[in-house]
Amino acid sequence: MSPFSWVLALVGLVILAFVVLAIISPFESLGWWAGWGRDDPGPTAAIQANDTRSVNEPAQHYLVYLSGVGRLSGDERTTKEDDFLNRVQALLPATVIVRDVFPFSATGTPLNGRRLLARVWMWIDRLQHKRLRAWLYNFIQFRNLTQVLVSADPRYGRVYSTGIAREIVRHLIAHGYDVGSKAHVTLMCISGGGQVSVGVGPVLLEMLGRPVNIISIGGVLTDDPGILALERLYHLSGELDNIQYIGKWFFPGRWSWLRNSAWNRAVRKGKIKVIDVGPMKHMGWGDYFSRSAKLPDGTINAARTAGVVADVVKEIEQT
Amino acid sequence: MEINSIGDFVAAVFDAIVLALGLNPEATRYMNTDVESIAVLVTVAFIAGVSLLLGQSVVLFLNRVTRTRFLLSIALNGALYVVNLLIWSTVIWLIGRLAFDVQQPIGIAMMAVLLGSAPFVFGFFILVPYLGLIFTRVLYAWSLLVTIVMVESAFQIGWLRTIVCVGLGWLVLLLIDRTVGRPIVMVRDRVLLKLTGVAPYAQASQLGRTH
């Protein structure tokens, strides 16, 4: 085979892998719903927290963090993410931040957990060769991206969101949340976690019986009708972040001339508030969580984002 | 058509699908009423029916069917799809004969309509989240186009008349389904419900609250 044929074969294989990942993507949620999973508690099983965290007193506000698509599990975060969450925590000492929900599995199974391709994902994650790892990480991101699309698909969305909502409630309970209490629950999401949050909103509202707010940090927001069930969505928008507009470009319900779409009705009802956080990018140096990049006024990006989040949380508590 | 081995048969099925997908009039070589051609085209339609339900299998999951019943439903849908196409082709042939004096035997019309199902061999792509919804429409449009081309090749009555035959045939089928055909539809649904636990064409809106 000539080198060109090898390249062609490799490109073909990559495309095939992406297509297969996309085709099988709804099966995890659907199989769980149908009761095909061996050990996973079904959609009607009582929600039980596996462990109790070090939260002594039930808090008045729970902030559930839903990450972007480049994540392998709920327990692993980048240092940058953790640093940002610590900043928010320092500004809101009375608020409990739930950091360990994995928003890309309806069963809460991490990619390195009990699943068919677990070894593949772990192998990619452990690669020492930085460039190869970064390149292969696209597969992990694509796998999680397909779950964002599952969430946005009207055929699968409700099933997927039910699973994620159960996971959120399970983690809330583990962090001291008392179901039935009047504590605030706010979802804080970034990137792909945006659509997952909006999809899960109505289910969470039914399960908790409490209004749900979302703080989207450059979140990708589609035309999911779940937006109407939310109390309010605060969208932190970076001026250099184009990825946040993917939902606006590709989901017809976001187009302004479709006046009766859920999104446009939510806009008219004043449920969506866009907050300009300055010249920030979606990812990389200069993004919302950057610790070394500074805004023109000298504020560190992560500090500005954390400050705005804290202000929004206080605004929610006052309403 | 000469088929001497399973390999020949698989090759013929593949060839028929490729020709139909490309709207190639050469596909007419499979529009014969010999056993081999019938077997090839029934297989094409069966694969299409199976693939289509696999693509739309969310309904089965929502109804919480077991794995066994899932497989049974998929296979049964393949068979039901073939039967549905045969009924549709009969109606098309009748309209062609009564309205436009078509002289071709009914078997040729059946083969033409079976070929029209070829695009649905890609029905499993409907599973792809979000994009699958767009793909569904593309497949239905593609299948209708292939059916029109194949029926025109079979009847030789011009495009407009062919479109009238195919379109009217579809409307009549819909009418039969909702009027005189109701008892048959009910029996079919009851048998399916018994065998698979799922009423055919159950809707995603059946999904209830479970928490």
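Me: On what conventions do the values rest?

Reply: This is a predicted model, in which local features need pLDDT of at least 70, side-chain atom pairs count only at pLDDT 80 or more, and totals for chains, interfaces and linings use all residues. Residues are numbered from 1 along each chain as its sequence is written, chains are lettered from A and ligands numbered from 1 in the order in which they are written, and side-chain values use heavy atoms, with hydrogens and water left out.

Me: What area is buried between chain A and chain B?

Reply: The size of an interface is often given as the accessible area lost when the parts come together. Buried area here is that loss for two parts, with a 1.4 Å probe, summed over both. Between chain A and chain B about 2,500 Å² is buried, and carbon and sulfur atoms give 69% of it. On the side of chain A, W33(A), W36(A) and R155(A) lose the most area to chain B, together 33% of what that side buries. Counted by contact (heavy atoms within 4.5 Å), 30 residues of chain A meet 23 residues of chain B.

Me: How many polar contacts and salt bridges does the rule find across this interface?

Reply: A salt bridge requires a side-chain nitrogen of Lys or Arg within 4 Å of a carboxyl oxygen of Asp or Glu. Zero are found between chain A and chain B. A polar contact is a pair of N or O atoms within 3.5 Å; within protein, one must be able to donate a hydrogen and the other to accept it, and residues adjacent in sequence count only if both atoms are side-chain atoms. Eight residue pairs across the interface, both at pLDDT 80 or more, are in polar contact.

Me: Which element gives the largest share of the side of chain A that touches chain B?

Reply: Helices (H or I, at least four residues) and strands (E, at least two) are DSSP runs, numbered from the N terminus. The largest share, five residues, comes from α2(A).

Me: Is V198(A) buried or exposed?

Reply: Buried means under 20% relative accessible area, exposed over 50%, and partly exposed in between (1.4 Å probe, protein chains only). V198(A), in helix α7 of chain A, is buried at 4%. Leaving aside residues up to four places away in sequence, V198(A) touches I214(A), L221(A), D224(A), G226(A), I227(A) and L233(A). The C-alpha atoms of V198(A) and I214(A) are separated by 7.7 Å, although these residues are 16 apart along the chain.

Me: Where do E167(A) and R170(A) lie?

Reply: Both are in helix α6 of chain A and, because they are three residues apart, E167(A) and R170(A) are separated by about one helical turn. Their side chains meet in a salt bridge at 3.0 Å, N to O, and both residues are buried.
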